[in-house]
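Let's take a friendly walk through this structure together. Keep the sequence at hand and follow along as we go.

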Amino acid sequence: MTLIDLRDILSTFPNGDNSSDTVINNIHFNLTTLDFWNYTYYPGNSTLSNESWCFLVDSPYTPVGLLPNGTFLNSTWCYLATGPIGNRARAGIGFAVGFALSLVFVFVNLKKHGELHLPAEKRFYPIGRRWQWYWSIFVCTAALIGLFTGIDVDRYRVVELPLVLNVFFWFLMQMGSMALVWEGVRHWGSWMERQFIDPNPFVLQQNDKRGMFEFWLPLFFYFWLWLNFFLIVPRNWGAIELQRSPDQLIHNALPAATDGRFKAATFCLFVCWCTMIVSLWHSIRHYEPRNRGFFNRIIGFLGYMPFRFTLMVPLSLAIVAYQGLCAWNFNVSPLKVKTDLLAMYLGGYAPSLLLIVIQFVAGFMRPNEDRELLRQRRERGHAVDQELGLVRKPAWWSRLNGDVPNGSMRDRIMRNVREVGGGRPTAVQVERLAERRAADAEAEATTRANAIEMNEMRRTNSIHSSIRGAAPPPYSSYGGKSDQRRTERTMELAASLLFPNAGAEPAATRGRGLELSDEPARRPGTSERSSSTVSGTSLNAPPQQIKSMLDV
C-alpha cells in the first residue's frame, strides 16, 4: 500500500523560469535549495515552514533572497503580531475597560468593609469579610490579563502562545468568579451568626453540629474548586495551538479541547454551585425564623436571601453551563480561534463582569459591619433604658456643666503614673508606705494596751487593710543578722497584742507550765476577763505566759 505524504500535496511551489526556480510574490527562489532544506509552501497563510523555521512570504514580508545554506535574507518570523486587530480583540478591549473600572470600585469597597471599628474577635476573623473582595480583585486581574493577551490572537498569522494565555486566564477568571460568589454567601451566613450571638455570645456553641458543619463546608467547596483547577490547567496546551490548517483543527485541536478532563471539570464546578445553595439553606435555617409548609419555606428562602444573591447565584450557574457547553461544542469555545464571538463574550465574560458590578454596587449600599453592630447595640441599649425608665443625658450635657476631664485618656493615665512613680522607685515608695503604716499601728496598739485585756488584733502589715482593691506591695527585708530573732520579735508583738498584761511578768516566769500565786484568789469583775486558758486554775493561777503561737 502506497503512503501519501501530506507535504507532497501541499508543497506545490509556483512555477518559475525553469525546473529549479520558483517565484513567490515576484521574488525568485532556488527550488532545489528549498527542497533540500525540507521547506513547504502554505498558500493559505503565505508561509514557508520546515517544522523548525517558519517565515512569512507575502508582501511586505517577502524575503529578498535565499542562500545555499538555507538562510533567507530580510525574512520575517511567523510567530509575530503582524496582522491588524480583529473583532475578537475589539470586543475584548471593551470588556477589559469594564473590568478595569470595576477594579477601582472594588478597592474602594475593600477599604470600606475591611476597616475595623471594634476589637477583632477570635470567632470572626477580619479576613473573613475581606475574602470576597480579594476574589473580586483576582477576577478583574485575570480578566484583564486574558483580554489584553487575546488582542494578539487575531494578529498572529500562525496560532501560538496568545491563544493559550487567553484561555488560560479565562479559566482562572471562571474559577475566581465561583469563589467570589461562594465567599459572599459564606460570609453572609457568618454575618448573620455574628448578629445572632451579639446580645448573648453563649447562645450558640462553636463545636456543636451546626458549628462543625460550617467548619467543613468551605473545605468541601474548595476541594472541588481545586479539582476543577487541576483537571484544566496542568495539561499539554500545544495541541490547542494546532489550528493552522483545517486538518490540524480536526485531528489535533478539536479532540484536545473536548476531552474527558474538560467534561469532568464542569462536573466539579457544578458541585461547587450546589455547595453554595446548601450554604444559603443552612444560614437561613439557623439564623432566620422558620416557616411551616413546603411552599412557605421556598418563599421564605427567597425572601430571607439578600437580593444580590438572587442575581449572583443564577449568574454563577450560567458560568457552569457555558463551561460545560464548551466542553462538548468546540464551535462556541474560546479555545477555537475562529469561534462564535457572541457566544464567547456573552457566556464567557459577561456573567463574571456582572458579578463584579453587582458585588461593588451592593457593597456601596451596605454599611460597614462593625458600624452596623455598634448601631444595633445602641438600639438595644435605648430599648433597655426605656424599659427601666432611664433617660440618658445628651453628649453636650457634660461639656456644658464642665464635667469633661482635661486631656485625653492617655494624659490621665500618665498623670496617675507620675503621682505613683514607676519602676524600682515605685516599689521603694510602696515599701516605705507599708513600713510607716506598720509603725503607726504598733504605736497605736501600745497606747491602747492598758485599756482592755484582749485588744483587737490588727493585720498591720496587710496592704488589704489599708489600700482596698490594690495589689499588695512587697515588704521590706529584715535588716538584722538572725532570722530566729526576727521570728521571736514577731511572736512577742503578737503576744503583747493578745495579752497585754503578760508583758509585765519577768522573763524567768515564761513557760507553758502554770505557777500558783501567793495573792489571794479573787473572781474577776463582770467587765473583765481572766487571762488564763485553764478553767480549773483561772482563779488561783497567774495569767499564762505566751512563748509560742501554739499556746494561743
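This is a predicted model: local features need pLDDT of at least 70, side-chain atom pairs count only at pLDDT 80 or more; totals for chains, interfaces and linings use all residues.

Tryptophan 226 is partly exposed, with a relative accessibility of 48%.

By the ring-pairing rule, the model holds 33 aromatic pairs. In one of them, the ring centres of tryptophan 131 and tyrosine 134 lie 5.7 Å apart with their planes at 85°, so this pair is edge-to-face. Elsewhere, Phe29, Tyr39, Trp53, Phe55, Phe72, Trp77 and Tyr79 make up one aromatic cluster.

Back in helix α4 (residues 126-149), find arginine 129. Is this residue buried or exposed? Arginine 129 counts as buried, because its relative accessibility is 5% and the cut-off for buried is under 20%. Its side chain reaches the backbone oxygen of glutamate 115 at 3.2 Å. Among the residues that arginine 129 touches are His187, Arg194, Asn368 and Asp370.

Finally, turn to the surface, where a nonpolar patch has about 870 Å² of accessible area together; its members include Ile85, Ile93, Phe105 and Met365. Helices α3 (87-114) and α14 (350-365) each supply at least two of the patch residues, and the largest share, 6 residues, comes from α3. Isoleucine 93 lies in helix α3 and is partly exposed, at 33% relative accessible area.

Notes
Residues are numbered from 1 along each chain as its sequence is written. Side-chain values use heavy atoms; hydrogens and water are left out. Patches are made of residues with over 30% relative accessible area and no salt bridge: like charges are joined within 9 Å, nonpolar side chains (Val, Leu, Ile, Met, Phe, Trp, Tyr) within 5 Å. Accessible areas come from the Shrake-Rupley method with a 1.4 Å probe; for residues, only the protein chains shown count as cover. A salt bridge is a side-chain nitrogen of Lys or Arg within 4 Å of a carboxyl oxygen of Asp or Glu. Helices (H or I, at least four residues) and strands (E, at least two) are DSSP runs, numbered from the N terminus. Buried means under 20% relative accessible area, exposed over 50%, partly exposed in between (1.4 Å probe, protein chains only). A polar contact is a pair of N or O atoms within 3.5 Å; within protein, one must be able to donate a hydrogen and the other to accept it, and residues adjacent in sequence count only if both atoms are side-chain atoms. Contact means heavy atoms within 4.5 Å. Rings of Phe, Tyr and Trp (its six-membered ring) pair if their centres lie within 6.5 Å; planes under 30 degrees apart count as stacked, over 60 as edge-to-face and the rest as tilted. Lists of a residue's contacts leave out its neighbours within four places in sequence.
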